[in-house]
Amino acid sequence: MKVTSSACSILLMTSLLSICLQAQTPAMEAYEYAQAKRDQAWVYFDSLPKSAANFRTGILMLDSALSYLDQPRVQELANENVYVRFRRFDVSYDLAVGYALLGDINHAFDYLRKAAEVDPSASSTVERMEREKAFDILRQQAAYKELVQRFNLFGSMFDNRSLLTQYSANLSDGEKLAGVTLLWNVVKNKFVYFDHVPGLDWNKTYLEYLANVTSTRTTLEYVRMLQKMCALLKDGHTNVYPPTELRDSIYARPPLRTIMVEDKVIIAQVLSDSLLRYGFRPGQEIITIDGWPVKRYAEQFIQPFLSSSTPQDLGSRTYTYSLLAGNSRSNLTLELRDGRAAFTKTLSRSGYTDVKRPPDFEYRHLDHNIAYLALNSFQRDTIVTLFKTRFEEILKADGLIIDLRTNGGGSGNIGFDILAHLTNHPFQFSKNAERAEPDNLSWKRYAPGTWNPAEGKTFSKPVVVLISSLTFSAAEDFVVAFDAMKRGKLIGESTGGSTGEPFQFKLPGGLSGRVCMKRVTYPDGKEFVGVGIQPHIVVTAKVADIREGRDPVLEKAIEYLSMTPSN
């Protein structure tokens, strides 16, 4: 059989894809599989001689992609990953092109409608349809004009293009009123945790804020007012964010990590050598900020603007993430106590060139032949790659500590890929639900997700996971799966108690927001959002531990594993 250069390209691309997928997450595998089928189909639509046989071959490739996307496992990935979800839109659209090339008008319209079912608000699709020569055969049909009208209508409604005005130092009253109205409406239609705030009348709240937003004198004041409104929902995945132009006016902070310990606000880490030279040390207590007693300062200037799901989540956001945040152009004056001595330091919130940022991935070997793995983020797929480079060393250990105490989340798939190396059985992760209708709290429920074990060797020896109130979002998805599979003990303090896929949207003036639209539980339905995942072994640090450089949570984990048989 003669093999054309195009066919060779297809075979080579398929071979390379199969190699690359071995190192990718399941979500990316699904994305790449569907995308590769699309690329192959378009070779038959575009590059090879125009013939009905080639068009049908391309359609068959797209049909196989659609069948793949219909698999329950892939549908669950699509629920978590927007890129996987919208491959269905693209594959359906491409099938419409293929059938139009064949002259099969009915099937072409069928698949355009299927694409519209996935995303009717994709207004840019109209421009794409108008450029597509294969659709010349469709354009005079009433069905084509109806679809164009549908895309344009939903696009103008849901992408809010007319409302997406540019930033200005003080938005107009109309922009401010539109923004608070849009926020109210998205929350009303999508938010899944109204039962967590039974005393909140969201419509009454809307009227109160509607009456007051035009009294704000700057866009910064307006942003802060919307953040206060959002904070009333008490959900860590429901927030309002400022425009890019104002982020340095709100979020700038010096490289100090603070923490509330034994009812005291303590400097836990100094992440800059220049601040060390200036006299800052772990263990110092913050007494006042800009002359305010530290707790009153937090209550007055920090807490009202923070969206949080639990008391421990609010504590972390207040005293760790946000306490020293503010305008990059302003200084902070801190009254500190180091032992019995009190002193004052003034420092800038910005301008540091020697910030030591903790890595996303840390590995080291501890006494008692214990492997220690700190996963400080799930933001990058490279974390899985780094884990795999260390896995042969981990296999030689008698126990494994996975530290998630500062992991604020990212992609749950990254965590599941790592868990897949700790078992030789499929395991379940969280169960999800979304609102079935925007005007009520009836639910569209999904079965728990299932993840397959990794191919090859399995680490079957004892494992513990370290958690804290900073363990949040996708890191909690990891903890839920680990706890549900009964793979080992959780040690430390309760997690933040917030996860779920947020709906992200834009607001006038460059603002943006997100609203939690997915209700998440353990696979058996046990609630943890709004509560936190509780450790099996509770360990809480004390001020003396920080001052002495001790880590009692890690010490307890080592003690537990050293006394646990390693099979």
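Contact here means heavy atoms within 4.5 Å. In this predicted model, Glu285 meets that criterion with Lys264, Val265, Ile266, Glu335, Leu336, Arg337 and Arg547, once its neighbours within four places in sequence are left aside.

**Overall dimensions**

- A compact globule of 567 residues would have a radius of gyration near 24 Å, and the 27 Å of this chain agrees with that expectation.
- Taken along the principal axes, the C-alpha atoms of the chain fill a box of roughly 85 × 65 × 45 Å.
- Among the contacts in the chain with a separation of 6 or more, 70% are accounted for by residues 24 or more positions apart.

- Glu285 is found in strand 4, which covers residues 285–289, and it counts as buried because its relative accessibility is 10%, where the cut-off for burial is under 20%.
- Pro293 lies in strand 5, residues 292–293, and counts as partly exposed because its relative accessibility is 39%, a value to be read against the limits of 20% and 50%.
- With its neighbours within four places in sequence left aside, Pro293 is in contact with Ile287 and Thr288.
- Pro293 and Tyr209 are 84 residues apart in sequence, and their C-alpha atoms are 30 Å apart in space.

**Helices 11 and 12**

- Helix 11 (residues 202–212) and helix 12 (residues 219–231) pack at an angle of about 170°, with their axes 11 Å apart, and because of that angle helix 11 is roughly antiparallel to helix 12, the cut-off for this class being over 145 degrees.
- From helix 11 the contact is made by Trp202, Thr205, Tyr206, Tyr209 and Asn212, while from helix 12 it is made by Met225, Lys228 and Met229.
- Sorted by class, the contact of helix 11 with helix 12 has five nonpolar, two polar and one charged residues.

- Three strands form an open sheet in the order 1-18-17, and their pairing is antiparallel.
- Strand 1 (239–241) and strand 17 (502–506) stand at the edges, where each has a single partner strand, so one side of each is left without a neighbour in the sheet.
- From one strand to the next, the twist of this sheet averages 20°.
- Strand 17 pairs with strand 18 (residues 512–516) in the antiparallel sense over five bridges, and Gln504 stands opposite Arg514 in strand 18.
- In general, the strands of a sheet pair through backbone hydrogen bonds, either parallel or antiparallel.

**Buried elements elsewhere in the chain**

- Helix 18 (residues 412–419) is mostly covered, with eight of its eight residues buried.
- The buried residues of helix 18 are Gly412, Asn413, Ile414, Gly415, Phe416, Asp417, Ile418 and Leu419.
- Trp451 lies in strand 14, residues 450–451, and counts as buried because its relative accessible area is 6%.
- The C-alpha atoms of Trp451 and Leu101, which are 350 residues apart along the chain, are separated by 40 Å.

Technical notes. Residues numbered from 1 in each chain as written. Predicted model: local features only at pLDDT ≥ 70, side-chain atom pairs only at ≥ 80, totals over all residues. Heavy atoms only, no water. Helix = DSSP H or I, 4+ residues; strand = E, 2+ residues; numbered from the N terminus. Buried < 20%, exposed > 50% of the residue type's maximum accessible area, 1.4 Å probe, protein only. Axes fitted to C-alpha atoms, helices over the stretch in contact; angles between N-to-C directions. Parallel < 35°, antiparallel > 145°, perpendicular 65-115°, else oblique. Nonpolar A, V, L, I, M, F, W, Y, C, P; charged D, E, K, R; others polar. Pairing = 2+ DSSP bridges. Rg over C-alpha atoms; globule rule 2.2 N^0.38 Å.
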